[in-house]
Amino acid sequence: YLKWIALFFAIYGHGALAALPTSCEDDGESSTCKKCTTLNSEFEPPGVGEVWYSHCCTVSETTSTDPPVTTTKKYCFSYYLSGYPNNLYNGMKPVCSENGSGNNAWSLYGQCQTDSAADDPYTALTSIPACPRQHDSSTTYEVGDKVEDNGVVYRCSGSYQFCGIYGPDLRGIGALYWIPTASCTGTATPTQAPNFANMQNGCPEEIDSSTIYEEGDSVSVTRDDGISIIYTCKNWPGSQWCNVGTYSPLSTAIACNGDVCWPQAWIKQGACTGTFTPTATPTFDPNVGG
C-alpha cells in the first residue's frame, strides 16, 4: 500500500503527465465530432453559401518526471470564413494547436475528424425547385433581385449600382451586397431587373402611400439614377397587400421569409419614360336626350 502511495507522489507530485485535451482524431470521438472538409484547402460546398477550411497538426507534451513521459496527439479543426471586410484576409489561415482558435478572417467551428463516416459541419440552405440566372455585370440589379452561384440563391441587399458591379463573391466585397437565401436546382424565369433597351413611352403616376390601390393598378417608382420602373398590383390574393407599407416597391425591409415583400403584392413590368396623357373627362350636353 505504501509503495503505491510513494509511486503516486513520485509521479503526480513532481510534474506529472501534462493532460492534453481530448482529440476527435485520436480519441475516437466520432459520435460528437463532425467530419473535416478538404484539408488545407478552402472549400465552398454547393448550396451552402459559406467557405470552409480545415487543417490538422500533431502536438506533443512531455512530463518533468524522471524518467520523462511524452504524449502525442493529432488535432484537426474546421473553420468558416467571416463576413466582409474580414473575408478579404482569407489567405491568413489560423495557427493549429491543441486548443484551437480562429482569427479575424476564420471563425472556429470546432474539432473535426478525417473519418468520412462523420457528418459534415455545414448545413445546406433550404432548397427551392429552380435557380435564377447567374450574375451578369452588364445587368442593372435592384434590391430584391436574385442570382445563382454554386447552387446558392443570392439576393441583392444593397445599392443597385454595387449589385451590378460586384457579384456574390464570398471572398470579396460582393459578400457585402449579395446575401445567400436558399439553395436551388434547375432553372427559373429570371428575377433580374428589366431590360431598359425597350422602355415604355409614358409612366403611370408615382406610387403614393395615401392612395388606395386595387388589383390591376399600375404605379411608377423613380430610382436615384432617374430611371422609372412600372409596378402593377397583383390580382387577389396578392392585391390585399398593395396598400401595406412593408409590401410597397419602395420598401427594402427584409420581412417576408428572409426577403423583401413587394414581389408578393406587385409585378415589375419594366421601365418607362415621360408620363401618360390623361384621358379627358367626358362632357355632357343637357339638351341631348337619352
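**Nonpolar cores and disulfides in a predicted model**

The largest nonpolar core comprises 20 residues, and W106, Y154, C163 and W178 have the most contacts inside it. A nonpolar core is here a set of buried Ala, Val, Leu, Ile, Met, Phe, Trp, Tyr and Cys residues joined through side-chain atoms within 4.5 Å. This is a predicted model, in which local features need pLDDT of at least 70 and side-chain atom pairs count only at pLDDT 80 or more, while totals for chains, interfaces and linings use all residues. Residues are numbered from 1 along each chain as its sequence is written, and side-chain values use heavy atoms, with hydrogens and water left out.

- Apart from it lies another core, of 17 residues, which includes I227, Y247, C256 and W266.

**Surroundings of W106**

- When neighbours within four places in sequence are set aside, W106 is in contact with E42, V51, W52, Y53, Y79, Y80, L81, S82, N90, M92, K93 and P94; contact means heavy atoms within 4.5 Å.

**Disulfides**

- The structure holds eight disulfides, a disulfide being a pair of cysteine sulfur atoms within 2.5 Å.
- In the disulfide of C56 and C76, the sulfur atoms are 2.0 Å apart.
- The torsion about the S-S bond of C56 and C76 is about 105°, and this disulfide is therefore right-handed.
- C56 in strand 2 and C76 in strand 3 are 20 residues apart, so that the pair links distant parts of the chain.
- C56 is partly exposed, with a relative accessible area of 25%, whereas C76 is buried at 0% relative accessibility; buried means under 20% relative accessible area, exposed over 50%, and partly exposed in between (1.4 Å probe, protein chains only).
- C57 and C96 also form a disulfide, with sulfur atoms 2.1 Å apart.
- About the S-S bond of C57 and C96 the torsion is about -75°, so this disulfide is left-handed.
- This pair likewise links distant parts of the chain, with C57 in strand 2 and C96 in the loop between strand 3 and strand 4 (106-113), 39 residues apart.
- C57 is buried, its relative accessible area being 16%.
- The sulfur atoms of C233 and C242 are 2.1 Å apart and form a disulfide.
- The disulfide of C233 and C242 is right-handed because the torsion about its S-S bond is about 105°.
- C233 and C242 are both buried.

Conventions. Helix = DSSP H or I, 4+ residues; strand = E, 2+ residues; numbered from the N terminus.
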